[in-house]
Each structure stands twice: as C-alpha cells, then as structure tokens.
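Student: I am new to this structure and would like to know how its labels are decided. Please show it, and then let us go through the terms.

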Amino acid sequence: MDSSRGTVLDSIRELYQFGVVDYCMFAAMLILSAACGIYFGFFKRTKAKDTPTATDTSDLDLGETPPTVGSVQSKTPISPFGSSTIDEYLLGSRKLKAFPVAMSLVAGYISGVTILGTPAEIYNFGTQYWLIVVPIILTGIAVCTIYLPVFCSLKLNSSYEYLELRFNRHVRSIASVMFVIDQMLFLPMIIYVPALAFNQVTGLNLYMIGAIVSLVCIFYTLLGGIKAVVFTDAWQVVVMFISVVVVVIIGTIAVGGLDVIWERSMEGGRIDFFNMSPTLYGRQTFWAVLIGGFFYWTSFNSVNQTMVQRYMSLPNLRTARLSIAMFTVAMGVFVSVCCYAGLLLYGKYFDCDPASVGLVSTNDQLFPHYVMESVGHLRGMPGLFIAGVFGAALSSMSVILNSVSAVLLEDVLRGLFQLNPSPLKANIFVRCCVVILGLTALGCLFIIDKLDGILIVSATLAAIANGTTGGIFTLGMLVPWSNTKGALVGGIAGALLSGWVSLGNQIASGAGEIVARKLPVSIDGCIEELVGNITLVDPVYPDESGVFPLYRLSYHWITPIGVTTVLVVGTIVSFLTGPRDLRHIDPELISPVIHRLLPVESFSYFGTANKNATIFNEEMQAQASVPVDLTVPYGPANDLNGQVGKEARTRW
C-alpha cells in the first residue's frame, strides 16, 4: 500500500467515527439494561404472602394442584437479593405474558450474528438464502403441533428432563452436556460481533468492548433472572428492529429507490431465488435452504433449552402457541429486512467493493461501515444502530447464561450427580454459574478474533448439537417403539457423523482446499486515490474434486445428517434390541400426532411417567386423539387388574 492511498484510507476511517450523541445512545442502552436487572431483582420480586384460606382455583394455572382448605402457601424469599425463588429466577413462576416472551425469543435468536452476517451473506452470495423465511414458518407449525404439547403437559424445568422420563438418566446427561458445550462455544461469538461493529466505528479496543458488554449482561442476568432477561429482550428487540429499518429506509432513498437497487442487483447476479441444482455441494441452493433450514430451525426451536425455558415460563399451551406465532411472524419479517439490507449494500457498493480497497478487513464489517458512510452524518443514527447490535448481543448472551445455568442445576447437578441442594444453595449455585460462564466466554474472545464468516461458523457449531439433540427428542416423541439403547446408539452415531462432517469441512476450508465461490465485485467506481495500484483479477478456485465428498457438503446439510442418523440408527437398534412395549408407555411422553397409533391399553398410564405431576393437564387432554374421562383415575395403581375403569373403556 503506497503512502497516499494509506492517507486516504485513514482519512475515511476518521470521517466515519462516533460522535457525542452516538456515545450517549450507546450508553443509554447499557444503563437501561442494567436498570432492568435492578428493577426485577429488587423491586419487582415476589414478596412473601399467604394464599387465601378458602380454596380458590380461579387463578391457578392448568395442571396446578389447588391448595387445601385452610392451608397456607408461603412465598417467603429464599434469597437476600434478586428473584425470590429458584422457580421465579429460572421460569418467572410460569406467569409471563405471550408478547414479551415472543420478543425475547426473537431477540435471543437474532443476535449480532444475524444483523451483521446475513447482509454480508446476501452481498457475497446472492438472495437464495432469503428463502429461509419459508422454513421459519413451517418450523412454527411443527413446534406447535409436535413438540410443544409434550413439554406443556409435563411442566418440566429443563427440556432434557424429558429424555430421562422417556429413556433414562444417561441419555439426559449426554444431551445436556452437549448443550452446555455448544453454548459455551457460541458465547464468545456473541460478544465478538458487537465488539467488531463497535471497533469499526470507534476504533476502541476489541477486548475492552467485549468486557463492557459481558459485565453488563452478567449484572442484569444475575439479579433479575428470566424476568429481567425477557423484558430487557422485549425492548432491545424494538431498538434492534427500529435501528435496522431506519438505516434501510434512509439507505434506499439515498441510493435512488427500490428500482435502482433491484436493477444493480440483477446486473451483479445477486438475484437468485430458484437455484434448483440437485448438488449437495452448493453453498446456497433451493433444496439446501428449504430442507436444511427446516431441520436446523426445528431442531433449535423445538427442544433447545434456550427456547423451551421461555415456553415453560408461560402459563399454558394456548399462550405458548400464541407466543410462537408472534415469534414466527417477527422472525420472518426481521430476517427479510436483514436480507434486503444485503441487496442495499450491493446497490451502494456495486462499483466500489469496500473489502477490495481495504476499508473493511472482514465481511462482517460491511454493514457497520455502510451505516457510518450512509447515515453517519445524522447525529445519533450510528449510535442507534450499534445500540441495536449490542442489544441483540446482550439478549442472546443473557438467554444463554440463564438457560445454561438452569441446565447445570437441573440436568447436571440434580440429574447427573444426583444431588438435591436446598433452595438457597440452588439459588447461589445458579448465580455463580452465570458469573463463571460470562467470564469464561470473555476469556475465549481472542479465539473468535481469528475467524471469518461469522454466520457459517456459528451455524456449523450449532448444527452439530441441534441435529443430535433434535434427533433424540424426535425419536422419543415420534417413534414410540424406540428404547433407551436405540436413543444412546443413535445419538452417538448422529453426533459423530455430523461432527466428523463439520470438522472435516472446517479443516479443509482452513487449509484452502475448499473456498466459497463469492459473486464478482468491482472497484471501477472507486476514487483513484483509494484504488492506488490495486487491480482486481478473477479469483482462482482450487480443484475440490480430490476433497472427501462429505467435507464438501453445504453447511445446511449438517443438521439433516445429524437428525436423520439419530432416527434411522435409533429405530433400527431399538427393533434389534427389543422395541418398547407400547401397552405400558405413558402417552404423555409421545407427541399427540402419534396418539392414534398407540394401543388403547397405554392410556391407562397417562400421566404416570412424570412423578412430579399431580393431575393430568386438562388442556393437554384436548390434544390426545383418544378422549379421556378425567373422572376416572389413571394408572395400574388405581385399578387392581392394571386395566382402565369401565367408564373410560366405554368412552374409548
């Protein structure tokens, strides 16, 4: 790089920097986030009170046992600070509302990875990824009909408790440990993304920024629990959405309108929604996005603890379905806006690619650079955008800290090690986990600094765990004949195969044997001082025919491989080792869509698997394909012959 070109680059970078108003916007976001933790930790906590002496069931959740006449239910806080009880800290006492939970689901999924990675993906590879909106909608339907009824009926604290009820403790332990490892690998990325964006517009040290976001997130998650997480997420997602939409609108007007963006994108080969190629090696094809996207989103949204924990914070199935419907619509809209932002980037830089001339060092800095260049002259707008990116990171990180601490308590401490700490000790344990997890993620930040392409890296890491655990849960809910051996062998096979494919792909990519084929860019419109002696030449891609075929697969296929392997291997092993006797299975553990395949005898065991359940959830009764009379006691303990009562048999 000659000295004159270096001077021009430095001048441009200095031009696009934060102002006082921008710093104030960013600081306001951090202060409000911390204030939510203080509010829900000290002022909005459940206070000690007694229930009425008379039996009143009008305010009870479905499945909740009414108090005995004259009984007193104490809600005395067991913690000197923060949420009063462990149930309130982790699940909000199961009394949260549909809308804030839906916004929390959106905020938890749309991290800075989505805001920065998706526009860069469209800019470099075209619009084929935009079709991910279709799997998002299909996933909402699948979750509401197949998986959610089971969790709402069982009223579990952790989704992985289901695996112990359906199979055994070892299956539960494997899945929960895999979840913890996966989230620990993802946490540093969540910190890195906003730090990268902030570094782009301020020049401040990456690690100092990461420390700030981590400490603020740890603070309000530590104090307020899931209530602080959910309600902080709710307003953060509003900031997120407003910031991106405002930038997109202003940018569209500045470029010349939708027609100009569409025309430039067509000429640059960015518009491609129907790449029907049957190859499994293409990064983005019609089939890869639809099939792979459906498997990935369903595996994540249906059984991942970060999602299920918030489903369980709602009072009943109807409210949970409403929340998922809101979440699905909001996700479709937000992802579409981010994809359109990618076209907007190309409409702006179609003749002067920032990466080629050194204005950005990674693809994920494209959008922040565009924001500073396009709306940087409007005071507060860059600050609003960065606040939105940081809000996305804070929400995702807080959700993971809260969920992983719940899994460590319920599945590792209580499930794996069979320890049953007192409520006070459990409260302390969970909060210590939040602090340790947050600080560990911050310590791993330097690793992420060496990676490029945040979207594919995060999707690949998550696909391994999501595919395996999603497959095990699906095996349990949709294949009633499956047994414990099938779940164990299938889960191990799915993890090994998907991990092998993913790791092999990353190694081959790191060695330069596999290179993503980006669409062409241009620097013909750049000013002469910026271009210097740079000349763009057509890239030379390596011959990938010698690379092992599985390593060349698109990252979209990793989750389908994991899920399919678990289902196929698990089913085969179950039949070879003796399938489950369906006459003695609790139908509550099986998805309602399969109930018609179960023998009539099995319904005498309805509700017997979960020892913590006291009565069968009336709302879940409506989900069963076989009508059940709640006046008839269930289970062999209530019938000397192990058969159902006469009235129930008559109705069946």
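This is a predicted model: local features need pLDDT of at least 70, side-chain atom pairs count only at pLDDT 80 or more; totals for chains, interfaces and linings use all residues.

Student: Where is Gln418?

Tutor: Gln418 sits in the loop between α15 (381-416) and α16 (423-443). Its phi is near 55°, a positive value in a residue other than glycine.

Student: What makes Gln418 count as exposed?

Tutor: Exposed means over 50% relative accessible area, buried means under 20%, and partly exposed lies in between (1.4 Å probe, protein chains only). Gln418 has a relative accessible area of 51%, so Gln418 is exposed.

Student: Why is Lys155 called partly exposed?

Tutor: The relative accessible area of Lys155 is 24%, so Lys155 is partly exposed. Lys155 belongs to the loop between α6 (133-154) and α7 (161-166), and phi of Lys155 is also near 55°, a positive value in a residue other than glycine.

Student: How many helices and strands does the protein have?

Tutor: The protein has 23 helices and zero strands. Of its 652 residues, 58% are buried.

Student: Why is α4 called roughly perpendicular to α9?

Tutor: Helix α4 (residues 98-109) and helix α9 (residues 206-255) pack at an angle of about 65°, with their axes 7 Å apart. Angles under 35 degrees count as roughly parallel, over 145 as roughly antiparallel, 65 to 115 as roughly perpendicular and the rest as oblique. That is why α4 is roughly perpendicular to α9. Axes are lines fitted to C-alpha atoms, for helices over the stretch in contact, and angles run from 0 to 180 degrees between N-to-C directions.

Student: Which residues make the contact between α4 and α9?

Tutor: Contact means heavy atoms within 4.5 Å. On α4 the contact is made by Pro100, Val101, Met103, Ser104, Val106 and Ala107, and on α9 by Val229, Val230, Phe231, Asp233, Ala234, Val237 and Met240.

Student: What makes Ser323 count as buried?

Tutor: Ser323 has a relative accessible area of 1%, so Ser323 is buried. Ser323 is found in helix α13. Leaving aside neighbours within four places in sequence, Ser323 is in contact with Ala98, Val101, Ala102, Leu105 and Leu314.

Student: How do you know that Cys352 and Cys526 form a disulfide?

Tutor: A disulfide is a pair of cysteine sulfur atoms within 2.5 Å. The sulfur atoms of Cys352 and Cys526 are 1.8 Å apart, and the two form a disulfide. A search of the whole structure finds one disulfide.

Student: Why is the disulfide of Cys352 and Cys526 called right-handed?

Tutor: The torsion about the S-S bond is about 110°, so the disulfide is right-handed. Cys352 lies in the loop between α13 (317-349) and α14 (366-375), and Cys526 in the loop between α19 (484-510) and α20 (528-531), so the pair ties together parts that are 174 residues apart in sequence.

Technical notes
Residues are numbered from 1 along each chain as its sequence is written. Side-chain values use heavy atoms; hydrogens and water are left out. Helices (H or I, at least four residues) and strands (E, at least two) are DSSP runs, numbered from the N terminus.
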